[in-house]
Amino acid sequence: MIERPLSPHLQVYRPQLTSVLSFTHRATGVLLSAGAIWVVYWLYAVAQGPSEFIGAQAIAAGWIGRVVLLGLLFSTFFHLANGVRHLFWDAGWWLELEPAYRSGWVVVAVSVAATAYFGWLLIGGAP
């Protein structure tokens, strides 16, 4: 078998903020779809009665459930913020390099801040 070299762009390419945010937007969409399965299971448990619901709540209240909740919260806020950013792009705004990067960092900051705040509220920081 003849060994051929890789395309040069694979050796010199550096991920850019816009490409990383694009990939993350797609990944969070997939995670939100998977999270919908959890919501359906939870609603099923509610409909089945107290014993099934207690089991579902035990999973959600454990550390794995809390990590999943934080992941779903981040996915929700990131996907929402980046989707709004894309709406501005569709309107023809922020398409130049500097505004595109600035809006990208705003998406990251909003996602992290909203996840931290609502995670704190939901996981037990506030009464």
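The model is predicted, and the values here are computed from it.

Some residues of helix 2 are buried. They are Leu17, Leu21, His25, Thr28, Gly29, Gly35 and Ala45. What covers them? The cover includes helix 3 (50-61), helix 4 (63-90) and helix 5.

Now turn to helix 5, which runs over residues 97-123. Arg102 and Glu98 both lie in this helix. They are 4 residues apart, about one turn of the helix. Arg102 forms a salt bridge with Glu98. The closest N and O atoms of the pair are 2.8 Å apart, and a salt bridge needs them within 4 Å, so the pair qualifies. The count for the model comes to 1 salt bridge.

Are the two partners buried or exposed? Glu98 is exposed, because its relative accessible area of 55% is over the 50% cut-off. Arg102 has a relative accessible area of 49%, so it counts as partly exposed.

Val108 lies in helix 5 as well. This residue is partly exposed, with a relative accessible area of 24%. Where does Asn82 stand relative to Val108? The two are 26 residues apart along the chain. Their C-alpha atoms are separated by 8.7 Å.

How values were computed: Residues numbered from 1 in each chain as written. Predicted model: local features only at pLDDT ≥ 70, side-chain atom pairs only at ≥ 80, totals over all residues. Heavy atoms only, no water. Salt bridge = Lys/Arg side-chain N within 4 Å of Asp/Glu carboxyl O. Helix = DSSP H or I, 4+ residues; strand = E, 2+ residues; numbered from the N terminus. Buried < 20%, exposed > 50% of the residue type's maximum accessible area, 1.4 Å probe, protein only. Contact = heavy atoms within 4.5 Å.
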